Amino acid sequence: MLQGRSREQAELRRHLDEARQGASAALVLLGEAGIGKSALLDELAGAAGGCRVVRAVGIESEMELPFAALHQLCAPLMAHDDRLPAPQRDALRVTFGFQEGPPPDAFLLGLSVLTLLSEAAATRPLVCLIDDAQWLDRESVRTLAFVARRLLNDSVLMLFAIREPAGDEVLALRSLPALTVGGLPGADARKLLASVLRWPLDNDAREAILAEARGNPLALVELPLAPATLAGGFGLPRPLPGRIEDSFRRRAEALPADARLLMLLAAAHPAGDSIVLWRAAAGLGLGSEAARAAEEGGLLTIGVRAVFRHPLVRSAVYGAATPADRRRVHAALAEVTDPAADPDRRAWHRAHAAEDADETVAAELEASAGRAQARGGLAAAAAFLRRAAELSDDPGRRAERELTAARALYQAGSPTEASRLLALADAGPADERRGVRIGLLRGQMAFSDARRADAPAMLLDAGRRLERLDPGGAREVYLDAFAAAIFAGRFGGDTLAEIAAAARQAAPASDPRGTDLLLDALATLFTEGFATGIPLVRVALDRIRHDEQTLAEAMHWLYPVGHLAYTAWDQEAWRELIARYLGLVRAAGALARLSYLASHRIALHLYAGELDQAGALVEEIEAVDAATGYDRPAYPALAVATYRGDEAQALRLIDQVTADEAERREGAVLTLVQMCAAVLHNGRGDHAAAKVAAERATSGSARETGFVNWALPELVEAAARSGDLPAAERAPQRLVERTRPGGTDWALGVEACSRALVSDDAEDHFREAVVRLGRCGAAFALARAHLLYGEWLCHRGRPGDAVVQLRQAYEMYVGFGSEAFAERARRALAATGETVRARPMAAGADLTAQERQIARRARDGLSNTQIGAELFLSSRTVEWHLRKVFTKLGVSSRRDLAGVLPSAHA
């Protein structure tokens, strides 16, 4: 038993016992250097009888090597990779360099590791111990944090030891449950000190040692080497971590010179492979005598691997070495590292061995960056390129590498560091093409940072500068600028008109594709208006539907394509393109874009009155965001709460998202929020509040696209019902400008319903609306047409006719699960003297959100593995949830789910 660690040991043993019983857990041990975290991990490994134990150790000098720690942990388990679905298996093999392929999506890789650990734990529990996690490479941190958050019932225990204070590199791990390992209690600290002190010591000196050590076990064990060292208690250096390293350093300095050099060689060789170590040692003239002296000093043991007594020994030895000695050992390691089997580690050693600029080494690092990027190691690629830039003897080449490194850092999610490198690249020798690329990257970074309202202008400037050098590339940049300006909405100023003017003057595409037609359509839309632009948008969308697109192309143009599909009221293109993009994402495992695509699917479900499916997708988005740690504004949940008529939830989310978006400056989302508020208030019959919200939603530019289309009908209804006839008559005119050019049944049906509210021949318009909206599947708008028609008939003294329309509206809203509108229809029916029966309770109402998601997918025929891939769960966790679902629903198999959970189509 460890001295004074009964509380910590009991906590770790409890998690170990739960893993043996089929549960999973992840825990972070936090504490200063030497506090005993590694000892606790070692003790647990010894207690894990009957379990499989795998380990990884973060090493400071390997922080730049992509997935180095992940490979340490997973390499012993790769025999199980044949049990993984093909996309997951390929993601792992590409990441670890076992096969060629496109870089895997980060979340697909996380799911692959989750499945691998779950499969490895199928026969006996798995214990994963990750020590010195503060020194893990960034890619490994993100992947392991993702996996740790998704473990549930897989018999896997993951323990991370992190030295405090830790940097931002391990923020992803800080969201996990933590156990702080503090100093030993006073009595235990005295016992430990007494166990290592073999000579008398003045009591005051003893108390001084205990006070300085603050219960740190390693400080107590390592410092009291001899009475002379203690100097009567006055010779203790500070601070504590430095004291401990200083103790190890002094012990190393007492060794012969060859032993010290061998220890430095081992410290510079994080892989620890003794074969490589001995080859390098031979190159330095070091033999077994040096190893024997290091082992007798109690600091290093060389077996199959070179193992230091404590990680602080490695850092102490490496930190105390002279720059010349460090370059010497790195050169020796580079010389014996196989350039074919391990080119990246060889290049890294050569980079550390270089004293001056060296273009040959810089080129090797650049090649390593390419390999890292091909495996998805963007942060590592940037590190290689940064060092390559430092070693570049040509200033222009240095600036090029700094620019490429900046792009990799931006893509890896490090915008601050990317901006710093971009400034260095910009300070290099003047080069027009590079200057254009720097401006383009700055614009793209500004677009990704929603608070940057200047992103459209920056992209516009980049497009103008690129025109002479690359006309085709300039057209793509103009389309990016349009996307940024549309997203900025009311915060974008007058840049839409400027972008449109520049795009119209740009050279036409020699072989136009759908996206070229889309650019031309946008340029026309924002210069000549909806009447001319929307028909061109529909032509472009039709061409895009028939174009072959790679996943990268589809994801790049997803926002403008999806946005313009519902702007043009083209429900067929919208539905088809979103379904195609979802298929591409699912097939490739590009799960990072899943949430945005799911938001489109939610809108399509709301359009069709499929609120249950929309709610399921909200739950899926929330699961994705929880798994990835992404803090996304809750506008999908807001939209579903609005259409359901959940007033308390909707109002809370309206306030929350409005505050978020005012700071993020995403004008398009603010329009959506106010449109939702108008729908909510109209559903409740509070037309005055609905009018205020609808006016806010439609108060932007006359050319604003997207959800303004959906807000205008709300404004017509709210104004007409609240008695503001001038506003009620103006709004349909604005709506007609947007509906007539598209000419779809959806557009003309919505227009007809709105015109009926302000027209003398209302009944003809209502009938047209019912026919058109019924024909195009716009079920929610169709129910509204029945409701408004019925209310109009009631006011005209025709209760018999009104009942037919109101009954239809009520039944539709009840079927949708739209409580506010159903209640409004019920009140209107009651006014005619009709009695309305109570609504039945939905099946499966007592299931949790995750259980509903799993049950729906099992009902639809998905396997446990497929369900797990969609919900970021292991198949064993899916199976565990399904057993609970069967019990709650009173069924015994998947086949029975269709009877108790009917699909929306049924």
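Select leucine 40 to begin: this residue is found in helix α2, which covers residues 37-47. Helices (DSSP runs of H or I, at least four residues) and strands (runs of E, at least two) are numbered from the N terminus. The model is predicted, so local features need pLDDT of at least 70 and side-chain atom pairs count only at pLDDT 80 or more, while totals for chains, interfaces and linings use all residues. Residues are numbered from 1 along each chain as its sequence is written, and side-chain values use heavy atoms, leaving out hydrogens and water.

**Around leucine 40**

Is leucine 40 buried or exposed? Leucine 40 counts as buried because its relative accessibility is 0%. Buried means under 20% relative accessible area, exposed means over 50%, and partly exposed lies in between, with a 1.4 Å probe and protein chains only. Now display its neighbours. Leaving aside residues up to four places away in sequence, leucine 40 touches Leu2, Arg5, Glu8, Gln9, Leu12, Leu29 and Val181; a contact means heavy atoms within 4.5 Å. Next, draw a line from leucine 40 to glycine 615: the two are 575 residues apart in sequence, and their C-alpha atoms are 44 Å apart in space.

**The aromatic rings**

Rings of Phe, Tyr and Trp (its six-membered ring) pair if their centres lie within 6.5 Å; planes under 30 degrees apart count as stacked, over 60 as edge-to-face, and the rest as tilted. By this rule the count comes to 22 aromatic pairs. Select tryptophan 710 and tryptophan 746, which form an edge-to-face pair with 6.0 Å from centre to centre and 65° between the planes. This pair links distant parts of the chain, 36 residues apart: tryptophan 710 lies in helix α37 (residues 708-721) and tryptophan 746 in helix α39 (residues 745-756). Tryptophan 710 counts as buried because its relative accessibility is 13%, and tryptophan 746 counts as buried because its relative accessibility is 4%.

Move on to tyrosine 789 and tryptophan 792, a tilted pair with 6.4 Å from centre to centre and 40° between the planes. Both residues lie in helix α41 (residues 779-795), where they are 3 residues apart, about one turn of the helix. Tyrosine 789 is buried, with a relative accessible area of 6%, and tryptophan 792 is buried at 15%.

To view a cluster linked by ring pairs, select Tyr566, Trp569, Trp574, Tyr607, Phe707, Trp710 and Trp746.

**Helix α33**

Which helix is largely enclosed by the rest of the structure? Select helix α33 (residues 635-644): 9 of its 10 residues are buried, so this helix is largely enclosed. The buried residues of α33 include Tyr635, Pro636, Leu638, Val640 and Tyr643. Just after α33, glycine 645 takes a positive phi of about 80°.

**The whole protein**

Finally, zoom out. The protein has 47 helices and 7 strands, and its C-alpha atoms fill a box of roughly 105 × 70 × 50 Å, taken along the principal axes. Of its 906 residues, 56% count as buried. Among contacts with a separation of 6 or more, 70% come from residues 24 or more positions apart.

Colour the model by pLDDT, the predictor's confidence in each residue, from 0 to 100. The protein averages a pLDDT of 85, and 92% of the residues score at least 70. Over residues 224-239, pLDDT stays under 50, and the model has 30 contacts beyond four places in sequence for this stretch.
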